[in-house]
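Biologist: I would like to learn how to read helix packing and nonpolar cores in a model. Please go through them one by one.

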Amino acid sequence: MSVNGQIEHFNLNEIVTDDAGIMSTDQLVSLRTKLKAYEAEKTHQIVVLTINNLGENTIEGYALTVFNQNKLGQKDKDNGLLILFSKNDRKVRIEVGYGLEPIVTDALSSRIIRNIMIPEFKKERYFEGINLATSELIKLIDDPKYRDEFKSEEQVGSKKEMSLTVKLLVLLLVAIFLGIFIFLGGAIFLQAYKQLIYLHRGLIIGKIGVFSYPFILLSCVFPTIFGLVFILMPLGFLCAIIFTLFFSSHTELFDGFPENIFNSAYFNLTNVIIFVSSIFILIPLIRAFFMTSYRTPEPFRLSFRNDKKYISKHITSFGSSSYSSGSSSSSWSSSSSSSGGFSGGGGSSGGGGASGSW
């Protein structure tokens with residue numbers, strides 16, 4: 001829980017706190033018994049906390065605050081580990097104390113989240129995912145041989161990947177192919193955008209009728225969007241290929257993307273309307289004012305009739321318009337907690353671990 005973005009709890013009273021209510025009574029007792037027995041035997045403290053939502057906090061900041069607030073692990077060993085599960089945010093994090101960071105590395109934490117927890121969470125088997133993860137963490141901490149095997153599997157998988165030279169060659173060939181579409185899209189976009197500018201210039205000098213303007217605007221916007229799509233789609237494919245070739249083993253870098261973009265405060269209908277209006281109306285209008293005032297000065301006036309010759313020359317002709325009137329031409333570019341005997345032992349974390357979402 002948080003107030004104004006600040007965590008007001010948790011002071012944990014149990015080694016497993018199920019504030020999100022994802023576990024049955026038997027499951028909760030079973031997991032507490034397992035982790036308490038492990039702490040009593042090995043002193044390593046694996047703590048589980050489930051919450052409904054993070055509020056305005058990031059899962060990394062929330063986990064670090066809870067970890068250090070409760071001083072998980074032993075003070076002289078910093079051997080605490082926290083699994084934080086946020087149900088409504090669909091996020092999970094393994095926060096690792098300083099003493100366990102060399103053993104439970106960020107890469108291993110990420111792999112446990114990705115390969116063990118997330119598949120279960122997607123089936124809404126939340127307890128199973130958390131329980132399996134704690135068992136895997138216990139084996140990694142206690143058994144160096146198993147830990148080496150776990151790491152070697154990751155290394156073998158990486159060796160099977162393409163060499164850097166092959167990756168770069170594939171990227172070059174794909175970039176050339178997609179570059180053709182980007183070039184064509186760019187040409188269409190620039191030409192259509194010139195028509196948008198001439199449309200607004202015609203409006204302010206009386207060559208485009210006020211009532212005709214919205215309809216002609218729509219006819220100019222469509223090819224502009226078409227060209228923009230021809231640019232953005234190949235760029236999107238290119239980014240996806242770059243991610244697949246060079247970053248596929250580091251998916252934690254992209255957790256929550258693109259969901260976080262569309263769920264952000266900036267992505268709402270009002271801001272979208274403002275953005276679209278700026279691209280298709282405001283910027284072309286400002287450019288048109290500049291042309292009319294400085295480059296080829298003409299008086300400002302509004303009209304209710306269209307100048308067919310102007311429309312034919314500057315808007316309906318898709319490819320041979322110029323900015324200046326007359327014979328000269330010029331170009332333009334633009335670019336809750338339950339009671340118990342649990343307490344931390346004085347350990348701390350510096351933020352090591354990994355996060356994931358599903």
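**Helix packing and cores**

Modeller: Helix α3 (residues 106-122) packs with helix α4 (residues 126-142) at an angle of about 160 degrees, and their axes are 7 Å apart. The model is predicted: local features need pLDDT of at least 70, side-chain atom pairs count only at pLDDT 80 or more, and totals for chains, interfaces and linings use all residues. Residues are numbered from 1 along each chain as its sequence is written, and side-chain values use heavy atoms, without hydrogens and water.

Biologist: How are the helices and their axes defined, and how are α3 and α4 oriented to each other?

Modeller: Helices are DSSP runs of H or I with at least four residues, strands are E runs of at least two, and both are numbered from the N terminus. Axes are lines fitted to C-alpha atoms, for helices over the stretch in contact, with angles from 0 to 180 degrees between N-to-C directions. Angles over 145 degrees count as roughly antiparallel, and α3 and α4 are therefore roughly antiparallel.

Biologist: Which residues of α3 make the contact?

Modeller: Contact means heavy atoms within 4.5 Å. On α3 the residues are I112, I116, M117, E120 and F121.

Biologist: How many residues does the largest nonpolar core have?

Modeller: A nonpolar core is a set of buried Ala, Val, Leu, Ile, Met, Phe, Trp, Tyr and Cys residues joined through side-chain atoms within 4.5 Å, where buried means under 20% relative accessible area (1.4 Å probe, protein chains only). The largest has 49 residues, with M117, F121 and I130 among those with the most contacts inside it. α4 gives the most to this core, eight residues. A second, separate core of 22 residues includes F189 and M291.

Key:
Parallel < 35°, antiparallel > 145°, perpendicular 65-115°, else oblique. Buried < 20%, exposed > 50% of the residue type's maximum accessible area, 1.4 Å probe, protein only.
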